[in-house]
Amino acid sequence: MKAQLETIYNSAKTDIANATSINDIEDIRLKYLSRKGEFNSIKKGLKDLSDEDKRTVGAFANQITIDLENLLKEKHDAFYQKELNEKLQKDKIDITLSGKYTPVGKVHPITSTTNEIVSIFQNLGFSLLSPDLSPEVETEYINFDMLNFPEDHPAKDMQDTFYTKLAPNTILRSQTSGAQIRAMAGKNPPIKIIAPGRVYRNETVNARKNNFFHQIEGLYVDKNITFGDLKGVLNEFIRLYFGSSRPTRFRSSFFPFTEPSAEVDVQCIMCQGKGCRTCSGTGWLEVLGCGMVDTNVLKNVGIDPEVYSGFAFGMGVERLSMLKYAIDDIRLFFNNDKRFLEQF
Ligand code: DAH
């Protein structure tokens, strides 16, 4: 029986030596060492041997089983390592290949300019009015009547304002000033807010004018607010927004909802005040309207003009952005030309 075991042991060793793959190794293991393998069938005869022989032959059988297992494992590991190396070689990532370009979007200059202006006013103590108090679809009543526009004011004309069919007398707001009314109605001063948003006008489009654009409305109502406060706040805003000093001028003006009223012009950056297409030859661009809140407006919202006074302003975001970044045509903001938008 020992001789039989030796023969099988030798033939197994030869098979292992000739194996060429992990599969071969597995086949050999099955052939010799599995439960139905050659060794086991011989080992079944052990029970018929004498005690003495059982011990020696049994020990021998165990010894060669362990030997074969070790040989198989060694060979298996060698093949495994070889296959792994080949695979790693084949699948190697070429880190010198150039990557795939994924374009990243930019914040639109109107958005970034709005954010910048809003944060300047927040630092000056103004808070952002909730957007639901500043809707784009507005009533004529709030956009005009409550703001002291007379019944026959030309701005109310269909030529100038977009009327909607949603409900009678609803319009696309022509200014953010309606936010003043919504901010004051039912509230007690002090009221110190800003309200940014989009406005619409039925206008012929040119380098300075588009039929929709963006404004930021500001309002400060409290006891003893004066025109001096208005000038102080706006001058500080211009200093903070443009950084270095920019030639600006306060010009008296008229708005139905402020008295007295003024406009602020900033020197045209495109021509340094010499006059060009962007400023239509004047050397200046108007960036905002402002004034002391008209007593009629305060009365309309139930605030006593004998006790309180206030100032208001409304600025054009596109104009301010054009003047900061030397953009010579308002239409560039809305063409969605990537060559323009990528510069911000
Ligand atoms: N709403 C005016 C416009 O769109 C701008 C304006 C002027 C706003 C004077 C104000 C103001 O708040 O006080 O032309």
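Let's start with Leu84, which is partly exposed, with a relative accessible area of 33%. The cut-offs explain the label: Leu84 is called partly exposed because its 33% falls between the 20% limit for buried and the 50% limit for exposed. Keep in mind as you look around that this is a predicted model.

Leu84 belongs to helix 4, which covers residues 51–90. Together with Tyr80 and Leu88, Leu84 makes up a nonpolar patch on the surface, and the three residues share about 290 Å² of accessible area.

Now let's turn to strand 8, which spans residues 284–293. Most of this strand is covered, with eight of its 10 residues buried.

Strand 8 pairs with strand 7 (residues 258–267) through eight bridges, and the two run antiparallel.

## The largest pocket

How much space lies in the largest pocket? The volume comes to about 870 Å³. The pocket is lined by 39 residues, and those closest to its centre are Arg201, Phe213, Gln215, Phe255 and Glu286.

Several elements each supply at least two lining residues: strand 5 (212–222), strand 6 (248–255), strands 7, 8 and 9, and helix 10 (317–325). Strand 8 turns up again here, giving the most to the lining with six residues.

Technical notes. Residues are numbered from 1 along each chain as its sequence is written. This is a predicted model: local features need pLDDT of at least 70, side-chain atom pairs count only at pLDDT 80 or more; totals for chains, interfaces and linings use all residues. Side-chain values use heavy atoms; hydrogens and water are left out. Buried means under 20% relative accessible area, exposed over 50%, partly exposed in between (1.4 Å probe, protein chains only). Helices (H or I, at least four residues) and strands (E, at least two) are DSSP runs, numbered from the N terminus. Two strands pair if DSSP finds at least two bridges between them. Patches are made of residues with over 30% relative accessible area and no salt bridge: like charges are joined within 9 Å, nonpolar side chains (Val, Leu, Ile, Met, Phe, Trp, Tyr) within 5 Å. Accessible areas come from the Shrake-Rupley method with a 1.4 Å probe; for residues, only the protein chains shown count as cover. A salt bridge is a side-chain nitrogen of Lys or Arg within 4 Å of a carboxyl oxygen of Asp or Glu. On a 1 Å grid over the protein atoms alone, a cavity is a set of points where a 1.4 Å probe fits but cannot get out, and a pocket is an open set with protein on both sides within 12 Å along at least five of seven lines; lining residues have an atom within 4 Å of a point. Grid points are joined across faces, edges and corners, and a volume is the space filled by probe spheres set on the points.
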